[in-house]
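Hi,

Here is the structure I promised to pass on.

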Amino acid sequence: MFSKSDAQDFISDLLQFDLAHGRESGTWYKFHNHVYGVGYLAQKMADVLGYIDPEKAWILGVMHDAGKIHEQLEQRFHGLIGYEFFKDKDDEIAIISLTHTFHFNRIPPYEKVEKMFFGRREDYNFVADFLAQHPANEYDKLIQMCDSLANCSGFVTLEQREEEFSQRNNMSVPDYMASGANLLKDFFDKRLGRDVYSFYEEIPCDFMLTPGNDYQ
Ligand SMILES: [Fe+2]
């Protein structure tokens, strides 16, 4: 299993890779704040839940989008890029790469996610078969939840995240996505015995980068 410092090194290497492939300097905070936000929120929730290893939750949170940086370059669903890269290196990071996008590990029909898969039907079929054999475990659900709550500037509500999605993609949030996120939040609010949003003020935000600053 990747350690915390392995994860940090990996993310730093991704920055170097991305800068070398045309990323505008000063924009890294967008990726950094999202993945570390997912990591710290997942760790915090795991602390309270008690049946999830907080360190593993942090590592999987930070690593869940590892394939994202290569997505446009390869024109391929980032979850599959991450899965293929990690399948021989770290099983759990490989699996979280594939599962984090699909709430409760349920994938919509191909027609609804064709764009996400860059029109590659064979990739969709692989992911759909994988998910059919892999019911969502506690880590899958936790990272799916946190992925919906952390963005480039901090922790947000589901409604704010949906609004951001709409603006970025110039389309309204698909029903399957909105309802899955709401179901996940109900699930965790009940398990935690408190509103997930109430954790936000307890997480120190000193990990965050500000726009224009690629390094901490
Ligand atoms: Fe993400």
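Helices α5 and α6 run roughly antiparallel to each other, because the angle between them is about 170 degrees and anything over 145 counts as roughly antiparallel. Please keep in mind that this is a predicted model. Helix α5 spans residues 78–86 and helix α6 covers residues 91–99, and their axes lie 7 Å apart.

Which residues make the contact between α5 and α6? On the α5 side they are Gly 79, Leu 80, Gly 82, Tyr 83 and Phe 86. Helix α6 contributes Ile 93, Ala 94, Ser 97 and Leu 98. Sorted by class, the contact has 6 nonpolar and 3 polar residues, with no charged ones.

Most residues other than glycine have a negative phi. Gln 75, however, has a positive phi, near 50 degrees.

Is Gln 75 buried or exposed? Gln 75 is exposed, because 10 other C-beta atoms lie within 10 Å and the cut-off for exposed is 12 or fewer.

The other spot is Asn 170, whose phi is also positive, near 55 degrees. Asn 170 is found in the loop between α10 (158–169) and α11 (175–192). With 6 C-beta neighbours inside 10 Å, Asn 170 counts as exposed too.

Happy to talk any of this through.

Best wishes

How values were computed: Residues numbered from 1 in each chain as written. Predicted model: local features only at pLDDT ≥ 70, side-chain atom pairs only at ≥ 80, totals over all residues. Axes fitted to C-alpha atoms, helices over the stretch in contact; angles between N-to-C directions. Helix = DSSP H or I, 4+ residues; strand = E, 2+ residues; numbered from the N terminus. Parallel < 35°, antiparallel > 145°, perpendicular 65-115°, else oblique. Contact = placed C-beta atoms within 7 Å. Nonpolar A, V, L, I, M, F, W, Y, C, P; charged D, E, K, R; others polar. Buried ≥ 20, exposed ≤ 12 C-beta atoms within 10 Å, placed from the backbone.
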